[in-house]
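Please open the structure in your viewer and keep the selection tool at hand.

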Amino acid sequence: MNPAYIVRRLALFVLTVTVVVTLIFLLTRLAPGDPIEAKVLALEAQAGNTGGDIGPIVEAYREKFQLDGPLHTQYLTYLTNLLRGDMGYSMSSYPATVSDMISAALPWTIGIALITTVVAMLFGSLVGALIAWRKSFRLVQATLPVLMVTAAVPFFLFGLVLQFFLGVHWKILPTAFGVDPGFLVGWNLETLWQLTKHAVLPAGAVIVASTGLWGLGMRAMMVTTAGEDYMLMADSKGLKERRIFLTYAVRNVLLPQTTSFALSLASVVGGLLLVEIVFNYPGIGLLLRDAIGRSDYFLIQGITLITTLAIAIALFIMDMIYPLIDPRISYNRS
Amino acid sequence: MNIDQTTELSTSADDTVSTATAKAGFAARSFQFFRYNMKITIGLFLVLIVVAFGYIGPLFVDLERAEVGAFIPPGQPPSAENWLGTDAQGRDMLAWLIDATPDSLRVGVMAGALGVIIGASVGFIAGYYGGWIDTVLRTITDIWLAVPGLLVLIVLASLRQEGMTLELMAILIAVFSWMGAARVIRAQVLSLRERQYVEIARMSGEKGIYIVFFELMPNLMPFLLAAFVGSLIGAILAAVGLEFLGLGATNISTLGNILYWQNFYNAVIRGMWWWWGSPIVIFILLFAGLFIASIGLDEWANPRLKERS
């Protein structure tokens with residue numbers, strides 16, 4: 001692999017993460033209103049007191065969270081803490097730390113994200129390719145308008161529809177949570193069944209919607225490829241239909257497909273978080289909703305940072321894999 | 001010499017084309033355009049249904065029916081009195097939806113337009129001037145693309161204690177939805193600026209700004225339109241996401257707020273299908289319409305994408 005390429009990608013990765021970290025730091029520090037003051041005032045009101053002198057309490061908390069120094073020292077402490085994986089304490093569930101809460105929620109989200117991506121990618125690409133292939137079944141080709149609708153509508157709207165029909169109306173699948181309430185998770189088949197049962201609806205919602213995205217992308221690329229000279233050549237050589245389809249058309253299209261997926265990754269994750277809220281699925285999205293509901297700023301920031309980091313890492317890995325699939329990339333523009 | 005000849009050829013070719021189309025008249029030409037770009041036509045039609053629903057609806061339905069407690073008992077399924085039923089607080093769904101649609105569209109149009117203006121400017125400058133300016137702008141665009149906009153928006157929105165306004169939300173969304181436009185426009189400008197007519201304009205001493213607006217702009221119109229629809233979709237999606245989380249402008253009615261409240265009152269579990277079903281129908285019409293139109297615009301801008309039949 002071209003070292004210049006790796007260095008450039010690595011620089012981009014570091015820059016992206018730095019920008020988000022700095023952005024969140026500045027936003028939270030420069031925004032009008034002080035979260036600690038607001039929190040203390042809210043707690044005071046909850047206890048039935050108003051108008052007390054909260055100055056000393058706020059000062060004490062500021063010192064504890066190191067929010068009392070000048071901006072650049074605050075930024076440095078913030079960065080060093082982050083590097084140690086310390087994102088502070090949750091304001092709403094003290095003494096739980098933000099990292100603990102996120103690590104508890106993360107596996108649920110990553111699980112759904114991986115499953116849905118693989119299924120939607122395989123299925124969507126296949127459908128999209130078949131729609132563009134003129135010799136495929138009419139029935140498959142007729143699904144194009146359906147794909148257009150599913151690709152356009154936000155994921156969580158499908159969540160609502162699936163939840164109602166399969167969960168509430170026909171009562172086939174559970175409508176909420178990661179496992180049945182009160183169920184003890186362990187390494188056994190029963191757990192696996194529980195996990196699967198509860199994941200079907202949220203995963204289904206994402207798959208339905210993102211299949212449309214993959215399918216349309218694939219179709220558009222296939223249509224362009226169909227006009228290429230090498231396709232005509234393959235056809236006139238009398239190659240088998242299947243071979244032209246798979247090794248001449250589909251293979252050439254897979255790479256741009258991966259690129260377009262990388263570009264939409266951030267919005268796919270955003271959509272997934274909203275789906276979790278619909279299904280009360282105990283992942284990052286639900287954690288985020290609760291954090292917003294309880295004005296838990298540290299938790300909100302932590303979730304944003306981790307999610308950004310996850311996306312940046314995924315994009316970086318993808319960038320590292322590209323040149324292995326397609327040697328042209330690392331040789332161009334070096 | 002050679003250049004002169006080709007330009008003369010191309011201008012004469014242009015002349016014949018323009019006289020031919022001028023004869024056809026504006027109405028006939030528009031009709032031809034919509035006939036040959038079915039996707040744009042269908043998409044626009046679907047979007048127009050939603051626009052008409054939101055802007056003509058108030059002439060037929062009294063919007064006061066959408067106030068909390070307007071109907072008792074609340075939470076009724078569709079009936080002759082309430083065509084789309086009422087919510088858990090006694091609001092008439094039909095009136096509420098009509099009230100909410102224009103504001104949802106407005107957020108999208110404001111944010112989408114702003115996003116395209118930012119994106120097109122970045123793309124123009126990067127593509128036209130090239131060199132280190134291009135490198136810097138492209139890197140910024142790439143970084144921004146990897147930032148999950150919805151999440152940063154969430155942080156921003158959650159920090160605002162005074163609550164959100166429609167305009168502020170549009171500006172914030174635009175800041176995170178200009179990258180697509182920037183990439184497309186940059187790529188186009190890169191290829192356009194090498195064309196001979198741009199070369200000639202430059203040789204005859206025209207200023208950069210003049211060339212951008214009078215030589216490049218007209219050729220970029222299809223791309224700009226496609227980019228606008230693209231960022232319009234992104235903007236409405238982002239707005240709906242924020243509102244669904246309860247971070248939108250909560251004091252006014254938008255489609256996303258309706259979805260927030262149905263989630264808040266567990267409408268799905270309680271079997272109140274009319275509460276979430278009717279906004280979904282509007283969303284499907286709107287998003288599908290915009291999406292199909294954007295595919296159509298892409299094909300119009302870049303005919304290579306069109307299927308040969």
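A helix is here a DSSP run of H or I that holds at least four residues, and such elements are numbered from the N terminus. In that notation, chain B reads α-α-α-α-α-α-α-α-α-α-α-α from its N terminus on. The model is a predicted one.

**Stop 1: chain B as a whole**

Select chain B and colour it by secondary structure. The chain has 12 helices and 0 strands. Its C-alpha trace extends over about 85 × 50 × 30 Å along the principal axes. Of the 309 residues in chain B, 46% are buried. Among the contacts that link residues at least 6 apart in the sequence of chain B, 73% bring together residues at least 24 apart.

**Stop 2: confidence**

Now colour by pLDDT. For chain B the mean pLDDT is 82, and 90% of the residues reach 70 or more. Next, select residues 1-18 of chain B, where the pLDDT is below 50; apart from near neighbours in sequence, this stretch has 4 contacts in the model. For the model, the scores are ipTM 0.79 and pTM 0.82.

**Stop 3: where the two chains meet**

Show both chains and select the residues in contact between them.

**Stop 4: a pair of helices in chain B**

Select α4(B), residues 93-129, together with α5(B). Their axes come within 7 Å and cross at roughly 145°, and the crossing is left-handed. From α4(B), the contact is made by B:Val122, B:Ile125, B:Ala126 and B:Tyr129. From α5(B), the residues that take part are B:Gly131, B:Ile133, B:Asp134, B:Leu137, B:Arg138 and B:Thr141. By class, the residues of this contact are 6 nonpolar, 2 polar and 2 charged.

**Stop 5: a buried leucine in chain A**

Move to chain A and select A:Leu213, which is in helix α9. Is this residue buried or exposed? A:Leu213 is buried, because 23 other C-beta atoms lie within 10 Å and the cut-off for a buried residue is 20 or more. Leaving aside residues up to four places away in sequence, A:Leu213 touches A:Gly124, A:Ala151 and A:Ser264.

**Stop 6: two residues with positive phi**

Most residues other than glycine have a negative phi. Select A:Phe177, which has a positive phi of about 70° although it is not a glycine. A:Phe177 sits in the loop between α8 (155-169) and α9 (189-226) of chain A. With 15 C-beta neighbours inside 10 Å, A:Phe177 is partly exposed.

B:Asn266 lies in the loop between α11 (255-264) and α12 of chain B. There are 14 other C-beta atoms within 10 Å of B:Asn266, which means that this residue, too, is partly exposed.

Terms used: Residues are numbered from 1 along each chain as its sequence is written. Chains are lettered from A and ligands numbered from 1 in the order in which they are written. This is a predicted model: local features need pLDDT of at least 70, side-chain atom pairs count only at pLDDT 80 or more; totals for chains, interfaces and linings use all residues. A residue is buried if 20 or more other C-beta atoms lie within 10 Å of its own, exposed if 12 or fewer, and partly exposed in between; C-beta atoms are placed from the backbone. Two residues are in contact if their C-beta atoms, placed from the backbone, lie within 7 Å. Axes are lines fitted to C-alpha atoms, for helices over the stretch in contact, and angles run from 0 to 180 degrees between N-to-C directions. A crossing is left-handed if the near helix is turned anticlockwise from the far one by less than a right angle, and right-handed if clockwise. Ala, Val, Leu, Ile, Met, Phe, Trp, Tyr, Cys and Pro count as nonpolar, Asp, Glu, Lys and Arg as charged, and the others, Gly among them, as polar. pLDDT is the predictor's confidence in each residue, from 0 to 100.
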